[in-house]
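Reader: I am new to this entry and would be grateful for a guided set of questions and answers. Please take me through it step by step.

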There are 2 protein chains.
Amino acid sequence: MSVPFSIEEMRIPEFLARISADLDRCVAFWLKHSHDEEFGGFFACLGKDGKIYDDLKYGWLQGRQVWTYAKLYNEVERFRRPELLKAAVKGADFMIKHVKEQTTGRCYFVTTRDGKPIKQQRTIFTECFYVMGMSEVAKATKQEKYKQEALSVMTKIIHWVRVDDSEIGNAKLAGVKPTNSLAVPMILLGLIHELTSGDESLNKTYEELEEWCVQQVLSHVQREGSVILENVSPEGKEMPGSMGRLMNPGHAIECGWFLLQYAIKKEDRKLQETAIEKFIINPFNTGWDVEHEGLFYFLDVDGLSPTQLEWNMKLWWPHNEAMIAFLMAYDQTQDQAYLERFAQVYDYSMKHFSDVENGEWYGYLNQEGQVNMDFKGGPFKGCFHVPRCLMMCEQMLTKIRATLT
Amino acid sequence: MSVPFSIEEMRIPEFLARISADLDRCVAFWLKHSHDEEFGGFFACLGKDGKIYDDLKYGWLQGRQVWTYAKLYNEVERFRRPELLKAAVKGADFMIKHVKEQTTGRCYFVTTRDGKPIKQQRTIFTECFYVMGMSEVAKATKQEKYKQEALSVMTKIIHWVRVDDSEIGNAKLAGVKPTNSLAVPMILLGLIHELTSGDESLNKTYEELEEWCVQQVLSHVQREGSVILENVSPEGKEMPGSMGRLMNPGHAIECGWFLLQYAIKKEDRKLQETAIEKFIINPFNTGWDVEHEGLFYFLDVDGLSPTQLEWNMKLWWPHNEAMIAFLMAYDQTQDQAYLERFAQVYDYSMKHFSDVENGEWYGYLNQEGQVNMDFKGGPFKGCFHVPRCLMMCEQMLTKIRATLT
């Protein structure tokens with residue numbers, strides 16, 4: 001490179017060192033505290049220092065931790081260790097046995113420590129994380145059984161989403177308006193990426209679905225391209241009320257890098273621009289709290305109070321997603337503006353979320369950035385967003401560093 | 001009285017004047033902004049100044065507003081106005097037609113503006129507020145039809161709670177532990193009070209149930225009488241995990257004055273002491289934020305972080321319930337300490353929640369007492385806790401003032 005490095009480019013070694021160290025601490029935290037040697041599966045409810053404060057097993061988090069361990073094993077050399085693979089497989093086996101309802105393929109949101117079902121959500125998300133975990137364990141073990149688990153539940157999910165969702169348990173009430181919720185096409189788009197990466201034989205199977213997901217996701221771009229709304233009508237129109245005005249900046253940004261990944265694969269420049277500008281930059285600019293820093297959790301597009309009590313809290317995962325998204329955008333474009341935004345989110349996150357002493361990040365800060373709840377794992381926070389972010393950022397920074405030197 | 005008045009007793013005229021004025025403003029707010037003249041029922045989602053930001057009709061809030069209007073009409077002379085009665089009846093008719101599912105007696109949690117069902121909760125609460133509204137409208141109109149609506153759904157609720165809850169839609173999953181949740185016996189105890197007040201013929205019908213509710217409620221007193229836990233086992237033991245450690249100070253205090261009402265009716269001095277000491281004083285002392293004032297929403301009995309993100313917010317209704325509870329305790333005992341606590345909650349509430357300019361209170365403050373969401377009505381806040389508190393406090397203060405002069 002003939003031009004001098006920018007301030008942020010100069011910081012790349014610092015970013016990389018800290019992120020790698022945080023990833024090591026994060027993985028060590030879950031390895032040390034979350035394994036249930038007696039019944040299998042993972043404890044999710046872990047205090048600041050890893051102490052178990054509840055022994056319930058959450059389905060989302062089982063699938064996500066299985067995925068994380070298998071992914072680390074598959075992709076990061078220093079984590080290609082038997083203990084990670086063994087734990088991933090043990091977690092997958094717990095899920096097959098206890099989290100999946102055998103006759104319907106539906107999964108339980110939460111079970112007792114020994115795997116007795118407690119609750120089923122009226123959504124497809126536990127099932128999606130089941131597929132995600134099984135798919136990655138299949139790649140790690142090369143065992144057909146896990147691949148078949150992934151594919152058979154994926155087939156069920158597609159049926160529920162596109163043909164008939166009566167098995168999901170949502171009564172067909174007369175006032176329910178058909179809704180395109182960003183979460184659904186977005187999570188499917190992410191899942192297809194997972195299923196097909198390294199297994200190109202599946203590309204054809206999911207080609208049409210993937211294109212459908214992209215179109216569904218794009219219909220959330222509203223108000224002349226300026227905002228992403230969480231819920232739109234099946235025709236891609238704004239919907240009335242609080243639900244119709246809801247924005248979730250972190251969600252839009254996460255969706256942004258899913259779309260960007262797809263655009264890279266398809267070498268689709270126009271879609272790449274849309275992903276970066278509409279799904280990453282705009283929601284970031286709208287969602288960033290200029291007074292206290294950090295990303296808001298929920299906003300109302302007309303500036304009203306969201307009805308979610310936690311709307312102005314700063315949660316860890318939107319910051320994880322923003323770090324991935326900006327680094328990916330920079331990696332694709334070499335536009336300094338994205339590396340600056342990455343640095344902005346990195347600085348906030350390392351200052352407020354990261355816990356160097358105990359490992360793993362705090363999850364929930366108040367608007368001012370103080371720790372509002374000091375646990376590291378809870379019903380909706382497990383071994384997933386933090387290690388996925390750190391792993392992906394480590395990979396991207398390593399690649400970027402190589403191009404700069 | 002030969003002893004000089006205390007500071008708080010001197011303030012009774014001030015309390016009364018402000019509370020009466022706030023009640024007038026509150027009722028005026030709902031009368032002006034919440035009536036749906038076209039489809040019947042009440043809008044609940046109202047902004048700071050009453051502007052409708054969502055037109056969904058929430059079942060809890062329909063029943064509660066019907067009750068509030070009918071109660072004001074029945075018990076407060078200046079509100080014995082045809083427009084309140086008419087609106088209560090119109091609301092009740094909307095509920096009969098749209099909120100109640102005709103064949104099962106189950107009620108919908110939320111409907112469209114024109115009454116099409118959107119969602120049913122897997123709980124009995126909408127049904128309880130249905131009964132509460134119908135019962136009070138029956139007293140106001142002397143129409144048997146509303147009484148029958150109340151009694152028939154009450155019979156259903158009792159069946160679901162004590163015999164078989166399969167109609168509530170909770171799948172019988174193997175890991176679900178039978179739980180005594182404070183909300184259930186507590187709301188039934190309150191309902192029986194409503195149904196039997198002014199209709200003593202029903203005393204016998206609900207006598208055994210009422211006694212059962214009291215025993216169920218009392219089993220939430222845990223750790224040698226020092227705390228009220230939200231969830232205990234059917235045998236009255238502590239339960240494991242976050243759920244077992246959960247405390248909701250406002251809920252315990254509300255339950256405290258329900259119990260106190262019952263103790264007064266039964267002239268049961270021992271129960272009166274238990275109600276005041278265990279359900280009102282202890283939870284208040286535990287729940288009061290000594291740093292920033294106000295009552296926390298949720299706490300963990302072992303001092304861990306609750307998993308509810310909104311745990312440290314200050315919600316309006318615990319403060320309403322504490323005002324009622326302390327004034328009732330003072331009225332029964334003439335113990336100055338309770339009037340002091342009333343004054344403490346009154347001062348905080350009038351400073352932070354009350355909105356003299358627009359009427360009705362704000363509902364949601366952050367820990368520091370700043371308005372976190374500026375709407376006056378939302379999916380869980382309607383015309384109920386504020387006017388019930390102001391009406392009951394007005395009645396009690398009027399009575400207390402008469403004894404002091």
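**Salt bridges and symmetry**

Author: To begin, in this predicted model the side chains of B:Arg25 and B:Asp22 form a salt bridge, with N and O 2.6 Å apart.

Reader: How are B:Arg25 and B:Asp22 placed in helix H2 of chain B?

Author: Helix H2 of chain B covers residues 12-33 and holds both partners. B:Arg25 and B:Asp22 are three residues apart there, so the distance along the helix is about one helical turn.

Reader: Is A:Glu208 buried or exposed?

Author: The cut-off for exposed is a relative accessible area over 50%. A:Arg162, at 33%, is partly exposed. A:Glu208 has 51%, and therefore A:Glu208 is exposed.

Reader: What is the N to O distance between A:Asp165 and A:Lys172?

Author: A:Asp165 is partly exposed at 27% relative accessible area, and A:Lys172 is exposed at 60%. Their side chains meet in a salt bridge, with an N to O distance of 2.8 Å.

Reader: Which residues are linked with A:Lys71 in a network of salt bridges?

Author: Side chains of opposite charge can pair when their charged atoms come close. In the network that includes A:Lys71, the other members are A:Glu75, A:Glu136, A:Lys139 and A:Glu194.

Reader: How many salt bridges are there over all chains?

Author: The count rests on a side-chain nitrogen of Lys or Arg being within 4 Å of a carboxyl oxygen of Asp or Glu. By this rule the total over all chains is 68.

Reader: What relation does the rotation between chain A and chain B represent?

Author: Chain A is superposed on chain B by a rotation of 180 degrees with 0.0 Å of shift along the axis, at an RMSD of 0.0 Å. That is the relation of a two-fold axis.

Reader: Which residue of chain A comes closest to the rotation axis?

Author: The interface residues of chain A are, to 100%, also interface residues in chain B, so the copies meet through the same surface. The residue of chain A closest to the rotation axis, at 3.1 Å (C-alpha), is A:Glu310.

Technical notes:
Residues numbered from 1 in each chain as written. Chains lettered and ligands numbered in written order. Predicted model: local features only at pLDDT ≥ 70, side-chain atom pairs only at ≥ 80, totals over all residues. Heavy atoms only, no water. Least-squares fit on C-alpha atoms with pLDDT ≥ 70 in both. Contact = heavy atoms within 4.5 Å. Buried < 20%, exposed > 50% of the residue type's maximum accessible area, 1.4 Å probe, protein only. Helix = DSSP H or I, 4+ residues; strand = E, 2+ residues; numbered from the N terminus.
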